[in-house]
Amino acid sequence: MVQTHVLGYPRIGADRELKKAQEAYWRGEISQQRLLEVGESIRRENWQAQASEGLNLVTVGDFAWYDQVLNHSLMFGVVAERFAEGAASNKLDQYFRLARGRAPSGQPVAASAMTKWFDTNYHYLVPELHEKQTFTLDSNWLLEEIREAQSLGYKAKPVVLGPLTYLWLGRGVDDVLDLLANLLLCYAELFSQFESLGVEWVQIDEPILGLDLPEQWRSAFHTVYAQLNQMADLQLLLSTYFSPLRENLQLAFSLPVGGVHIDCVRAPEELAEAAQLLGEDQVLSAGVLNGRNVWRADLQKWQSQLKPLADRLGERLWLSASCSLLHSPVDLDTETLLPAEQKQKLAFSRQKLAELAQLQKLLAEPVPSTATPEENPIAGNSVTERLQDSWRAQRYQERAVLQEKCWQLPLLPTTTIGSFPQTDLLRKVRRQHRSGEISELDYTQHLRAEIAEAIRRQEILGLDVLVHGEAERNDMVEYFGEQLQGFVHTGNGWVQSYGSRCVKPPIIFGDISRPQAMTVEWSSYAQSLTQRPVKGMLTGPVTILNWSFPREDIHRSESCLQIAEALRQEVLDLENAGIGIIQIDEPALREGVPLRESEHADYFAWAVGCFRFTCSEVKAETQIHTHMCYSNFNAIMEAIVSLDADVITIESARSDLRLLSAFADRNGGYPNEIGPGIYDIHSPNVPEREELVERLKKIAEVVPIQRLWVNPDCGLKTRSWAEVGSSLLNMVEAARTVRSEL
Ligand code: GLN
Ligand code: ZN
């Protein structure tokens, strides 16, 4: 009989118990002891869920108080100097200081850097390494968890990050492979500890095998795994996910490990070859359920596909989800809002466990003779073809002339990114509106008052291009998802994004269409209150797609184009209503970029094409803005240019304007207008006027002043009005100062 296991299970709890307990602990409302108990009970429930579906192993080590990569940093003693204080007396607080800069005890410090986990929306804490880095093992927490599982009667399979992936993720050392030998000492010690606990299988995650690896790293795999294999009498399951292995497929299977896990959702085509490459004693773990989506799997299809392999390999075939279920919501049974016919089609983590059990059973039975038809791989090419003519009628150079005449903006025009502070009152009113406690009319009136106030403040501040402030939006994707047909919203489909923060992506359930205008009412009301231009504010098609659970029956690009068509209509409605400057945010463009370089061109062709399509029919005078909040544009500069937005605003304040070089270097620089954020909105500090003047002048050295805008680096919804007022005032004055000196 084939075996079943998962690479990891969500740790937030079915009702986000972990989030609630963490935040209560940070606020000083519950004791550390209480927090520890919540964690223990979540682990227990997770193992219980796995065991009750008959999974052959339960996974241990996937729990984290904040992040699994941080767990490893602490386990290996990778703790920068500034976190050293107070560790002996309170380890968990040290952990939280590393994660978020503060904890109930100890002095606040600058937190570790955080960045996205491969191509997911999960964020890990970057290991902060230094040239003289040495590693020391402190694995007590993990051993404790293994004992916990064992004492409950489970067969525990600990999961650890592999040494190569761990080093790959680290920053601060040029030749990080030099640290390998020392790091391997920790693994040796750890493995012998596992052995003495009677562990048989260890899952060792090396997702970097799905990347375009430099040769040096590829060959390191051979030496490292030869050594790991010698360390203890353990079976290693080398696990990979998120990407096809391609040139690393052979490499993975040639390593002296007990088995290999591959992602059959991202690379179904590699299953057959993997089965060929499999050694006589090796186990093949097939990640057939999608660990990153919410749909029920086609178990019949997998039954017929896997049956010959199951017959050949028996216990050496393991079934699993493609990756850790960390990226799936927890339990569909807690979903009270969705109608039964929708629920039927869905499977969250808990349901995926049951699917594994079902598939295991199906594979023990003869396959019914009704053969399932061959699948046609779904590709995105046809969307790209349809988007050939998505360019605007005039080129930027011609548009710019007309726009200058039309808008009469000063040099260095000032603007903001869209949102203004979301006050407690505003949140409360939105909640009351949702629950029907206040009437539609009262709600509209309240929002109009918010908008009027935002316009009044912006006029006093003297900004040049105003915004309505996004008071009506809880979230930049959910707001549109709720108004478009084709989306389904869960009540409890939370997925961890980082630490205690979870997101609840909407589900693209069917074809998308726009029954009516979504933003025109608010934007045109705002415009009616002022002589200055008000910028319309939309979330772009790629961001809406990337921050939702996509369909699996059509290519992502098809849904993207459907969303783009809905937005195209919205853009035209805005234009008709007299909104002649429209911003289409695409902060998630980069996160959909495939992990393999060879697939980038394809992605950008349809993603960028869809963006352009949204504004392909506006008048030349209509000025299209876009916004992205990240740095490091180098790799995607071509794509950014071909968005062909008239103005792009980007984040640059935190990276100390270094990223601007990406815009400046490129043969002659970024061709259109650009607003590099001149102050960091993530910090409560109010930037001084002088500091902003300096920064602007520095920027003006790389960006021609005729094409330069002045703005903060992202939306202001998380800030208070007091901070926003002073910051924007200084920003506007800084722009005036620089203008006057020209
Ligand atoms: N317009 C949005 C805002 O200002 C943009 C948010 C974002 O880039 N994440 O809030
Ligand atoms: Zn932003």
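In strand 5, Pro 158 is the bridge partner of Val 60. Strand 2 and strand 5 (residues 156-161) run parallel and are joined by three bridges. Two strands count as paired if DSSP finds at least two bridges between them; strands (E, at least two residues) and helices (H or I, at least four) are DSSP runs numbered from the N terminus. This is a predicted model, in which local features need pLDDT of at least 70 and side-chain atom pairs count only at pLDDT 80 or more, while totals for chains, interfaces and linings use all residues. Residues are numbered from 1 along each chain as its sequence is written, and chains are lettered from A and ligands numbered from 1 in the order in which they are written.

Strand 18 (residues 623-628) is mostly covered, six of its six residues being buried. A residue is buried if 20 or more other C-beta atoms, placed from the backbone, lie within 10 Å of its own, exposed if 12 or fewer do, and partly exposed in between. In a regular strand the side chains alternate between the two faces of the sheet. Here Gln 623, His 625 and His 627 point one way, and Ile 624, Thr 626 and Met 628 the other.

Strand 17, helix 22 (residues 600-614) and strand 18 form a right-handed β-α-β unit.

**The nonpolar core**

The largest nonpolar core holds 206 residues, and Ala 286, Cys 560, Ala 607 and Cys 610 touch the most other members. Such a core is a set of buried Ala, Val, Leu, Ile, Met, Phe, Trp, Tyr and Cys residues joined through C-beta atoms within 7 Å. Leaving aside neighbours within four places in sequence, Cys 560 is in contact (C-beta atoms, placed from the backbone, within 7 Å) with Pro 541, Val 542, Leu 545, Trp 606, Ala 607 and Cys 610.

**Annotated positions**

An unreviewed UniProt entry annotates an "active site" at His 682. His 682 lies in the loop between strand 20 (673-676) and helix 25 (689-702). His 682 counts as partly exposed because it has 14 C-beta neighbours inside 10 Å.

The "binding site" annotation, also from an unreviewed entry, covers Arg 16, Glu 17, Leu 18, Lys 19, Lys 116, Arg 501, Cys 502, Trp 547 and Glu 591. These positions span 576 residues of sequence and are also spread in space, up to 28.2 Å between C-alpha atoms. UniProt annotations may be inferred rather than shown by experiment.

Glu 17 is in helix 1 (residues 17-26) and is partly exposed, with 16 other C-beta atoms within 10 Å. Not counting residues up to four places away in sequence, Glu 17 touches Val 38 and Ile 42. Lys 116 is in strand 3 (residues 114-116) and is partly exposed, with 15 C-beta neighbours inside 10 Å. With the sequence exclusion of up to four places, Lys 116 touches Asn 121, His 123 and Glu 591.

Note on methods: Contact = placed C-beta atoms within 7 Å. Right-handed = clockwise from strand over helix to strand, strands pointing away.
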